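Please look over the structure shown here with a view to its aromatic pairs, its charged pairs and one of its helices. The briefing after it takes up these topics in turn.

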Amino acid sequence: GGLCPYDIVQLAGDMSIARLVEKGVWPGSSCNKDDGGKDVDSKQSELTIEELKNKYDKDYSWDTWDFVPDGLLVWEAWKAFLSR
């Protein structure tokens, strides 16, 4: 494997969280206003799925990646920290 562009990782993580929320198994908060976080259902990435697919020639199949919840909790906290 090689390196994956950050914007793909960002949207793939957001989509993975949204799928866990949809299934009712997301251990994090859907919206943590106290930490300055945003609703996980909102678009966090600047580019849409189609824009990213057009931007990169490689097919990473990133739009179906499912990350482990522990890693996504860290991801959620990192994004909340960056948005402060």
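**Aromatic pairs, a helix and salt bridges**

Trp-78 and Phe-81 are both found in helix α3, three residues apart, which is about one turn of the helix; helices here are DSSP runs (H or I, at least four residues), numbered from the N terminus. This is a predicted model, in which local features need pLDDT of at least 70 and side-chain atom pairs count only at pLDDT 80 or more, while totals for chains, interfaces and linings use all residues. Residues are numbered from 1 along each chain as its sequence is written, and side-chain values use heavy atoms, with hydrogens and water left out.

**Aromatic pairs**

- Searching the whole structure gives three aromatic pairs, where rings of Phe, Tyr and Trp (its six-membered ring) pair if their centres lie within 6.5 Å, and planes under 30 degrees apart count as stacked, over 60 as edge-to-face and the rest as tilted.
- In one of them, the ring centres of Tyr-6 and Trp-75 are 6.1 Å apart and the planes stand at 55°, so this pair is tilted.
- Because Tyr-6 belongs to helix α1 (residues 6-23) and Trp-75 to helix α3 (residues 69-82), the pair ties together parts that are 69 residues apart in sequence.
- Trp-75 is buried at a relative accessible area of 15%, whereas Tyr-6 is partly exposed at 48%; buried means under 20% relative accessible area, exposed over 50%, and partly exposed in between (1.4 Å probe, protein chains only).
- Trp-78 and Phe-81 form a stacked pair, with 5.9 Å from centre to centre and 25° between the planes.
- Of these two residues, Trp-78 is partly exposed at 42% relative accessibility, and Phe-81 is exposed at 51%.

**Helix α1**

- The buried residues of α1 include Ile-8, Leu-11, Met-15, Ile-17 and Leu-20, and among what covers the buried residues of this helix are α2 (49-55) and α3.

**Salt bridges**

- The count comes to two salt bridges, each being a side-chain nitrogen of Lys or Arg within 4 Å of a carboxyl oxygen of Asp or Glu.
- Lys-79 and Asp-14 meet in a salt bridge at 2.4 Å, N to O, linking helix α3 with helix α1 across 65 residues, and both Lys-79 and Asp-14 are buried.
- Arg-19 forms a salt bridge with Asp-66, with the closest N and O atoms 2.8 Å apart, and this pair links helix α1 with the loop between α2 and α3, 47 residues apart.
- Arg-19 is partly exposed, with a relative accessible area of 22%, while Asp-66 is exposed at 53%.

How values were computed. Helices (H or I, at least four residues) and strands (E, at least two) are DSSP runs, numbered from the N terminus. Contact means heavy atoms within 4.5 Å.
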